[in-house]
Amino acid sequence: EVEKIRIKITSLGLTESRITSDETIQQLFVECRLNNFLAEETPLSLPKPTGGQRIHYNYSTVINVDKEDNHAEREYLKSILLKPDLPADSLKFTVVSDPPEDEQDLECEDIGFAYVSLKEIFQKQRDIIEQDIDVFDSQDASAVIGKLTVTVEALHALRSVHEECKND
């Protein structure tokens, strides 16, 4: 069986912040990044949610981490398990503002970041299933601007990589 990390971006809700009041921010999509290997993004950008509503992406993707074809990703997972001080042990989710069609001079802008620690999944021996994670303001890392509901199923792959580390 091909080892993989499964990621699902279910929905996004925003709390009152500079983001909700900024009228140039209208459409949002979410990017998910594993270190510098891989970035996937929701194919749709959706209208910014208002007043306690959520927008639903229901976007799933899979990162294969088998030895044969995805050696770099696998070595990266090994380094997460073997090097306790590796800072980049997380999947990073970025909420991005997609400029409206008629404002093509505006750039896509990162407005918030959310993280899932793969090391923590392994330490707790528990995948993250439909869990709300904090989205931090890209301009102020201490401010939470919303919640992103995600699933990250990585435990099986991490266990397999860990077995391999023991056998190396």
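## Largest pocket

In this predicted model, the lining of the largest pocket consists of Ser90, Tyr115, Val116, Ser117, Glu120, Ile121, Lys124, Arg126, Asp127, Ile128, Gln131 and Ile133. Two or more lining residues come from each of β7 (109-117), α3 (118-124) and β8 (128-137); helices (H or I, at least four residues) and strands (E, at least two) are DSSP runs, numbered from the N terminus. A pocket is an open set of points on a 1 Å grid over the protein atoms alone, where a 1.4 Å probe fits, with protein on both sides within 12 Å along at least five of seven lines; lining residues have an atom within 4 Å of a point.

The space in this pocket is about 220 Å³, taken as that filled by probe spheres set on the points, which are joined across faces, edges and corners. By class, the lining has 5 nonpolar, 3 polar and 4 charged residues.

## Thr20

Thr20 belongs to helix α1 (residues 18-21). Its side chain comes to 2.8 Å from the backbone nitrogen of Ser17. Beyond neighbours within four places in sequence, Thr20 contacts (heavy atoms within 4.5 Å) Leu14, Thr15 and Lys48.

## Charge over a ring

Lys92 sits over the face of Phe113, 4.5 Å from the ring centre; the criterion is NZ of Lys or CZ of Arg within 6 Å of the ring centre and within 35 degrees of the ring normal.

## Basis

Residues are numbered from 1 along each chain as its sequence is written, and side-chain values use heavy atoms, without hydrogens and water. Local features need pLDDT of at least 70 and side-chain atom pairs pLDDT 80 or more, while totals for chains, interfaces and linings use all residues.

Methods: Polar contact = N/O pair within 3.5 Å; in protein donor to acceptor, adjacent residues only side chain to side chain. Nonpolar A, V, L, I, M, F, W, Y, C, P; charged D, E, K, R; others polar.
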